[in-house]
Amino acid sequence: MFINKDVESILVSENELREIVARLAGEIDADYKDKDLMMIGVLKGSVLFMADLMKAMEKDFSIDFVVVSSYENGTESSGRVNVLKDVSQSVEGKDLLIVEDIIDSGNTLNFLVQYFNAKKAKSVKIVTLFDKPDRRQVEIPVDYVGKVIPDVFIVGYGLDYSEKYRTLPYVGILKHEIYS
Ligand code: PRP
C-alpha cells in the first residue's frame, strides 16, 4: 500500500478503522432507537469519520455541523474556543450526538456540551474516533470512543497538520522532523 513520505508508520489501518466504525454504529443505533437523533459534526477533522459512521448506521437521523477554533494554528490548545460556524437549525428538544475525530485537551468538547445545553437540547452526548487521555486539561464524560491512543502526532482520515494529510485513508504517525 502507498504510504505518504511524511508518515513514519501506520497507527490505525483502513481495516481497523472500518471495524471501529462498525462497532460504534451498532452501539449508537441500539442506544438511539426511539430518540430524535441529530448528529453534529465538528468540522473539519470529523468529516471522513462522520461520513463512514452515518453510512454504517441503520437509523435515520438529521445532521448539522459546527466549525470551532481553539488551536489558532499551533499544536497546543489555547483553551479559548470560538464558534466560527454555528448549526443552521434549532437543537431545542433534540437528542444530540457530537461527532469528533479526536479529544485532546478536552477544551473543544467541554465548550460544545455547555453550548448545546444552553440551547436547550434534550440530551448531549459525544462520539469520538480517538481519545488521547494523556493530554487532557479538562475532564469530560465521553460516551463512545473508537480507540484510545498514546500521545503521538497523528494525521489522516480527517486529521491534519497545517491543513495537510487529511485525505489519507489510514491514520499515520507524522515524522517528527515535519512538525519540529
Ligand atoms: C481538533 C479536533 C478537535 C479538537 C480537539 O480540531 O478536531 O475539534 O482539535 O482538541 P481539544 O480536545 O484539545 O480541544 P482543530 O482545531 O485542529 O480543527 P480541525 O478539526 O479543522 O482540524
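**Tyr170 and the rings**

Guide: Tyr170 is in the loop between β8 (154-155) and β9 (171-174); strands here are DSSP runs of E, at least two residues, numbered from the N terminus. This is a predicted model, where local features need pLDDT of at least 70, side-chain atom pairs count only at pLDDT 80 or more, and totals for chains, interfaces and linings use all residues. Residues are numbered from 1 along each chain as its sequence is written, and side-chain values use heavy atoms, with hydrogens and water left out.

Visitor: Is Tyr170 buried or exposed?

Guide: Tyr170 is buried, because its relative accessibility is 1% (buried means under 20% relative accessible area, exposed over 50%, partly exposed in between, with a 1.4 Å probe and protein chains only).

Visitor: And what lies 2.9 Å from a polar atom of its side chain?

Guide: The backbone nitrogen of Asn4.

Visitor: OK, rings now. How many aromatic pairs?

Guide: Five, counting Phe, Tyr and Trp (six-membered ring) with centres within 6.5 Å; planes under 30 degrees apart are stacked, over 60 edge-to-face, the rest tilted. One of them is Tyr115 with Phe116, edge-to-face at 5.4 Å centre to centre and 70° between the planes.

Visitor: Which cluster includes Phe116?

Guide: Ring pairs link Phe111, Tyr115 and Phe116. Phe116 counts as buried, at 0% relative accessibility.

Visitor: Why is Phe153 with Tyr161 called edge-to-face?

Guide: Because their planes are at 90°, with centres 5.4 Å apart. Phe153 is buried too, at 19% relative accessible area.

How values were computed:
Helices (H or I, at least four residues) and strands (E, at least two) are DSSP runs, numbered from the N terminus. A polar contact is a pair of N or O atoms within 3.5 Å; within protein, one must be able to donate a hydrogen and the other to accept it, and residues adjacent in sequence count only if both atoms are side-chain atoms.
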